[in-house]
Amino acid sequence: MRGESKRQATMMLGLTPDGFVPKNHTLRRIKPLADSALQRMSPLFDEIYSDNGRPSIPPEHLLKSSLLMPFLTIRSERQFCEQLRYNLLFKWFLDLNSLPRT
C-alpha cells in the first residue's frame, strides 16, 4: 500500500504573511483603520447573523475584500479569488495565515 506524502509547508516557510509585506506599503496604514472600524461593527454582525445553519464567510473578510479590489485595481470577484490563492499581500490584509490547498 502506498503511503501519502504529507506537506510540510510550515517547516519550509517560517514566516507569516506579515513578514512579506514591506514596512512602508500603503496598505499597512489602511489595515489598522479597517480593523478598528470592523471591530466596532462586530456587535452588529453578531446581532444580525443567526446562530443556526451553515457558517458563512466572515463579514469582515468580505468587507476588507471590497476595500482591496479598488485599491489594487482588481476588476472582478473571480479575479480577486484567483489572486487570493497565491498573493500573500491579500492573505495578510484579510488575516488569512494559512497556505492555499490544492
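This is a predicted model: local features need pLDDT of at least 70, side-chain atom pairs count only at pLDDT 80 or more; totals for chains, interfaces and linings use all residues.
**View 1. Two lysines sit over aromatic rings.** Lys31 has its charged end over the ring of Trp92, 5.6 Å from the ring centre. Residues are numbered from 1 along each chain as its sequence is written, and side-chain values use heavy atoms, with hydrogens and water left out.

**View 2. Phe80 meets Phe90.** Rings of Phe, Tyr and Trp (its six-membered ring) pair if their centres lie within 6.5 Å; planes under 30 degrees apart are stacked, over 60 edge-to-face, and the rest tilted. By this rule there are 2 aromatic pairs. Phe80 and Phe90 are stacked, because their ring centres are 5.2 Å apart and their planes are at 15°. Phe80 belongs to helix H4 (residues 77–84) and Phe90 to helix H5 (residues 88–93), so the pair ties together parts 10 residues apart in sequence. (Helices are DSSP runs of H or I, at least four residues, numbered from the N terminus.) Phe80 is buried at 5% relative accessibility, and Phe90 is buried too, at 1%. Buried here means under 20% relative accessible area, with a 1.4 Å probe and protein chains only.

**View 3. Helix H3 and its cover.** H3 (residues 59–71) has 13 residues and reaches 19 Å from its first C-alpha to its last, close to the 18 Å expected. (The expected span is 1.5 Å times one less than the number of residues.) Its buried residues include Lys64, Leu68 and Met69. Helix H2 (27–48), H4 and H5 are among what covers them. After H3 comes Thr73, with a positive phi near 55°.

**View 4. Arg28 reaches for backbone oxygens.** Arg28 is found in helix H2. Its side chain reaches the backbone oxygen of Asp18 at 2.9 Å and the backbone oxygen of Val21 at 2.8 Å.

**View 5. The largest nonpolar core.** This core has 12 residues, including Val21, Leu68, Phe80 and Trp92. (A nonpolar core is a set of buried Ala, Val, Leu, Ile, Met, Phe, Trp, Tyr and Cys residues joined through side-chain atoms within 4.5 Å.) H3, H4 and H5 each give two or more residues to the core, and H5 brings the largest share, 4 residues.

Technical notes:
Buried means under 20% relative accessible area, exposed over 50%, partly exposed in between (1.4 Å probe, protein chains only). A charge sits over a ring if NZ of Lys or CZ of Arg is within 6 Å of the ring centre and within 35 degrees of the ring normal. Contact means heavy atoms within 4.5 Å. A polar contact is a pair of N or O atoms within 3.5 Å; within protein, one must be able to donate a hydrogen and the other to accept it, and residues adjacent in sequence count only if both atoms are side-chain atoms.
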